[in-house]
Amino acid sequence: MRALLTTLAPVPEGHTIHRLAARHAELFAGRPVHASSPQGRFADGAARLTGTVLHATEAYGKHLLHHHAGELTLHVHLGLYGKVTDGVGEPPEPVGQVRLRLSNDGSRARPDDRHWLDLRGPTACEVLTPPEVAALRARLGPDPLRADADPDRAYARISRSATPLAALLLDQSVVAGTGLIFVTEALFRAGLPPTLPGKALDRAGWDRLWGDLVTLMTLAVRQGRIDTVRDEHLPETMGRAPRVDRHGGEVYVYRRPGAPCHVCGTAVSRGELAGRNLYWCSTCQAR
Ligand SMILES: [Zn+2]
């Protein structure tokens, strides 16, 4: 069952984490939180956080950060299996392996202003000090969804590397927050083969690719799903059936092996790169 779920549910990409950060700020920021670990594995961390005011939240790539009073930062990485749920009112009895439960201060909050959050199955759930937060940022590449992102840093890595572009863009130390869907689709939209060596991409090509990642990821934050097809390739424009897939959005090549390319009709190719499935159109992405 677990293997099946892995196949069906893509790993959360950066837009999901940015949405969670905004949501958590809305629910909890500016007030003290109660933290607990019903499962027990985060009991010490929860004890340090409980009673502290959550000042701000942020996402950096696929990393979620909650900054609390006392220079404490909660760091969460969902990984493959992590899930966050939240609700209004009195928290329910914990179900399953709840690593972290947060709620706002019930004694002062109105019933409809009481919120809780449960985190299950994350790869990382830990309390970091400011130097540890700095170290985390330092090992991540620029995040297209962040105003402070510096695409030059990524291009410095890409332009020196013979590694295939798809692998570079999936490497979180080169670009943070991009997963398989954004990378696959941005390369299609740029007409670039996923196997193109990084150093074969010129500066203008990188600027266009980066700009497109910013556009696609920003749209995904707004819509809560990844849509990458241009208006002329939407189902209603083309008179085709809409996509049916767990990730929900309309895409060009991601997980469409053998299906006709929306632009040229060529069957979409699938191949493997560093253990990940890649998808591309051998006509539109020829070089
Ligand atoms: Zn094509």
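## The second largest cavity

In this predicted model, the residues lining the second largest cavity fall into three nonpolar, two polar and one charged. The lining is formed by Pro-12, Ile-17, Lys-62, His-77, Leu-78 and Gly-79. The volume of this second largest cavity is about 30 Å³.

## The largest cavity

When the whole structure is searched, two cavities of 30 Å³ or more are found. The largest cavity has a volume of about 50 Å³. Its lining comprises His-24, Leu-64, His-66, Leu-74, Val-76, Val-84, Leu-100, Leu-102, Leu-117 and Leu-119.

Which strands each supply at least two residues of the lining of the largest cavity? They are strand S3 (63-68), strand S4 (72-77), strand S6 (98-104) and strand S7 (115-120). By class, eight residues of this lining are nonpolar and two are polar, while no charged residues take part.

## Helix H8 and helix H7

Helix H8 covers residues 203-223, and helix H7 covers residues 180-190. The two helices pack with their axes 10 Å apart, at an angle of about 130°. H7 and H8 are therefore oblique to each other, and their crossing is right-handed.

On the H7 side, the contact involves Phe-182, Ala-186, Leu-187, Arg-189 and Ala-190. These residues meet Leu-209, Asp-212, Leu-213, Leu-216, Met-217 and Ala-220 of H8. The contact of H7 with H8 contains nine nonpolar and two charged residues, and no polar residues.

## Helix H8 and helix H2

Helix H2 is formed by residues 14-28. The axes of H2 and H8 come within 9 Å and cross at roughly 45°. The two helices are therefore oblique to each other, and the crossing of H2 and H8 is right-handed.

From H2, the residues making the contact are His-15, His-18 and Arg-19. From H8, they are Met-217, Ala-220, Val-221, Arg-222 and Gln-223. This contact of H2 with H8 divides by class into three nonpolar, three polar and two charged residues. Met-217 and Ala-220 of H8 take part in the contact with H2 and also in the contact with H7.

## Helix H8 and helix H5

Helix H5 spans residues 151-158. Its axis and that of H8 come within 11 Å and cross at roughly 130°. The crossing of H5 and H8 is right-handed.

Note on methods
Residues are numbered from 1 along each chain as its sequence is written. This is a predicted model: local features need pLDDT of at least 70, side-chain atom pairs count only at pLDDT 80 or more; totals for chains, interfaces and linings use all residues. Side-chain values use heavy atoms; hydrogens and water are left out. Axes are lines fitted to C-alpha atoms, for helices over the stretch in contact, and angles run from 0 to 180 degrees between N-to-C directions. Helices (H or I, at least four residues) and strands (E, at least two) are DSSP runs, numbered from the N terminus. Angles under 35 degrees count as roughly parallel, over 145 as roughly antiparallel, 65 to 115 as roughly perpendicular and the rest as oblique. A crossing is left-handed if the near helix is turned anticlockwise from the far one by less than a right angle, and right-handed if clockwise. Contact means heavy atoms within 4.5 Å. Ala, Val, Leu, Ile, Met, Phe, Trp, Tyr, Cys and Pro count as nonpolar, Asp, Glu, Lys and Arg as charged, and the others, Gly among them, as polar. On a 1 Å grid over the protein atoms alone, a cavity is a set of points where a 1.4 Å probe fits but cannot get out, and a pocket is an open set with protein on both sides within 12 Å along at least five of seven lines; lining residues have an atom within 4 Å of a point. Grid points are joined across faces, edges and corners, and a volume is the space filled by probe spheres set on the points.
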